[in-house]
Amino acid sequence: MKFIKHTGLVIFLIGLFIFTASIFTGNFSLTQQELDTYITEKGYKSEIIKQELTKAIVDKNLNIFEFSTQARNAFEASNNYYDALIAKYNSEKNWTKKGEQYQYKIFGKPHTLSYEIAKKAGSGFVKENSGLLWFLTFGLGIIGALLFILPNLILLGKPGIKNDGIYLESSTNRGWIAWLVLVYLVVFYLVLYFRPDYVVNWTFILDPISKALNGGPASQWFVYGFLYCTIMLVMGVRMYIKYRHNKYQIIRTTSVLFFQIVFAFLIPEIMTSLNMPGYDFKNAFPLDYDFFFEWNLKSLTKSGGIGIFILVWGIVLTLVIVPVMVYFFGKRWYCSWVCGCGGLAETLGDPYRQHSNKSLNAWKLERWLIHSVLAFSLLMTIVTLYCYFSGTSSFLGINSQWIKDTYSFLIGAWFAGVIGTGFYPIFGNRVWCRFGCPLAAYLGMVQRFKSRFRITTNGGQCISCGNCSTYCEQGIDVRAYAQKGENIVRSSCVGCGICSAVCPRGVLKLENGPEEGRINPTDVLLGNDVDLMKLINKK
Amino acid sequence: MEHIVIIGNGISGVTAARHIRKNSDKKITIISAETKYFFSRTALMYIYMGHMKFEHTQPYENWFWDKNNINLKEGFVSKINTDDKTLEFKDASTLSYDKLIIATGSKPNKFGWPGQDLDGVLGMYHKQDLENLEKFAPNNEVCKRAVIVGGGLIGIELAEMLRSRKIPVTFLVREASFWNGVLPAQESEMINKHIQEHHIDLRLSTNLKEIKSDENGKVKSIIIEETGEEIPCNVVGLTAGVTPNIDFIKDSGIETKKGVLVNRFLETNIADVYAIGDCAEQYEAIGQRRNIEAVWYTGRMMGETLAQTICNKKTAYKPGHWFNSAKFLDIEYQTYGWVFSERNKKENEAYFQWQHPKENICITISFDKNTHQFLGINTFGIRMRHEIFDRWLNENQTIEHVLEFLKDANFDPEFYTLYEADIVAKFNKEHQTNIKIKKKSWKRIFARA
């Protein structure tokens, strides 16, 4: 069994190595004719860009890094040229001439421009053998990981909570392996968000699958989505084995897998192939922070009936469905049964759940941060909507584009991606959900003040062992409540049910019961035979 | 200001301190020789198993004590002078008190076995035991086999700990079946089987004769009383129960028997000296309880109660209905009320038992043969709601009532398979009754009796 596990690990690492190494392969070059077609397609009017790109990338064999530098330089040179003209005409107060120059400018982030052209320019082994490469990367990764995970069926022994050795292993006790995983994940997210052109080879691997699904070639987001689903599925198998005695965990894991694969991945892809806007029907605002951005509203209003349906659904989901469901079931119906971020946290992140900080200071930081993000996202939406309807570009002195860019950069990319997932191995698996998710903040308020959900504490049975607190991914000191006999009613609780699973005394149970008596600070714990009437009268 | 000194920072002492602080601004000092900060003894096993680190077993962050103005003193009390109300420490320093709370807990039993103090022989009670275990049994290279002597809850926990590091374990149990002085045969046999499924070499009806030493004073092997068989091993765990940890009190004038003798107000024979927790012994047993109860929650309750008395609301210790829980490897156990084993069953008591055909799930309900009054329940692999059983015991309900409303009492996680129908069907068949199960009702569950 140990041998199979080790073999699996080696195969997985080979797959990971090939996946990573594939970035560095391939030739990037266009023929003059291809470049001309590209420029016409994009509608670039600048003569400079044509010259510069021709000089830089036509009939050259570049690797992606050289190619990226050349392409970005070309775009920069072109824009610089027209910026200089604009400045010149500006100083001459030649407004007509100045205005004419703007049509020649090329907008977009340098690495995105470079990515788009690299997608056309790429050739080489990866692109020409995408099937084989798929097997050598995703295939080996999946096979290796499964070989590593499946022996647990026997190695873990009889079904039951088996957290044996978690704090004795480097990978799960913040050892060097954990730090290595952190570095890999952080770099992965940085490249994905900010240097997509560097990983254009990955998109070649998935082009055939993307074409089959949505009719177009794969983008870096398609790669991410596909990888996301693959990782969740494989790590879902791990969840099934580890918690095979616990039906709550089995059903919940199945649910997040279903919503991720079908709702977040397949449906949007299929919609795209049918010329509809690709929409994730479960992704509620304000987690889906660009729902009210102009480009989205325009795309929806232009797509006829389905667009209007999505618009109405999105608003109803946020304003009605979300709070009503939280009232009946707590925010867990979203955070641990439906949400993709939660899904990754529960599958890939499960081995790291014990690292979330339980200190009082962390709780204070959490409340400040998460509510600030909610306020920030609401402010952004108000500014955006005001600008959309009034046609201006700023509201109360806040520039609409500026606040959107700032939010996307700070919250969307850094917080949700780089920190939220990259830091799993050290800070636990729900960093984003706990400290950054604006939707979690909103759900949390409903859960704390108006919900039937609580974690019930079973009388006086708690022995303060601390398993519940240790394994709470949301950093709740569950024991602090349980040892007082109090129900746990906290806005951050995502109802994952692990505290109840790891409790060796059966003290905790997730319940949707009557609201009355849900919050129950207890004076005397069950077990002491006190005269309750006397106790009440004494007060 | 009155100075309350508490010897021992376990659950009893710390609970007393916390509740005294809640109700007063008295000066409080907690003394411990074991650790500076309070930790949960019950969780020691999980540190060795790698589920937690020591810091996770501390229910309060380290700033808690300063913030609540509770002094922590590390030291070993060697003598209590009740006349001038001072404590003497091993290092010859002293401390005076106005009121003294003895909460020193227990220590593992040793029955004078030859070799019982060798290196590699340990209990599983103190933090130091854990450190010893880490030293003598870090893995199955250093510790080729461990022998555990004593068939109680700590013994099976120690077996589970060692097995988590793949160390072969021989488990010597004096009784003919595991814990059969407490558990009915059905449960006891199920646990026997489960222990063996975990590849633990369970030896029933087996006693330890002696522990043999190697040339360095370390454990080499043990000899079994009955057969004379020698089992080579590197670690011997002594888990044959615990006794009050009160050696230093014996000549202080405080009356002791096995433990420190206390009345219902947890007062000793000396004014302003109290004892709580594992080390306290009731002059007269409360109900069917033992005079000394080494259970986590009774320690907690005594702490709560005594804090009231010390803060001028004199309160008697009145533990309610007996309850307890444990985990035998993968099988969770809860008990409410009294279910005695066949050996200790009273004349009027009868069992109703149900067992799952395949899984490790079973229950025993004990009831009065004549009146059908419900006396207690043991559940294995089913979680039950404490409040509900407490209420039914208060109301002297019949077993028929308990079965009819059993769904109200289920505390299993959502989506778990429920067995109430099977259980009641079996009872109906055995007793020719026609009990119909009521649907679970929140209204009943949360109705305050």
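1. Across the interface of domain 1 of chain B and domain 2 of chain B, 7 residue pairs are in polar contact, both residues being at pLDDT 80 or more. A polar contact is a pair of N or O atoms within 3.5 Å; within protein, one must be able to donate a hydrogen and the other to accept it, and residues adjacent in sequence count only if both atoms are side-chain atoms. This is a predicted model: local features need pLDDT of at least 70, side-chain atom pairs count only at pLDDT 80 or more, and totals for chains, interfaces and linings use all residues. Side-chain values use heavy atoms, with hydrogens and water left out, residues are numbered from 1 along each chain as its sequence is written, and chains are lettered from A and ligands numbered from 1 in the order in which they are written.

2. The same interface holds 0 salt bridges (a side-chain nitrogen of Lys or Arg within 4 Å of a carboxyl oxygen of Asp or Glu).

3. Domain 1 of chain B covers 3-107 + 243-311 and domain 2 of chain B covers 121-240, with bounds from an automatic or database domain assignment. Their contact (heavy atoms within 4.5 Å) takes 14 residues from domain 1 of chain B and 16 residues from domain 2 of chain B.

4. The two domains bury about 1,400 Å² between them, 65% of it on carbon and sulfur atoms; buried area is the accessible area (1.4 Å probe) lost on being put together, summed over both parts. In domain 1 of chain B, Leu44(B), Met45(B) and Tyr48(B) lose the most area to domain 2 of chain B, together 51% of what that side buries.
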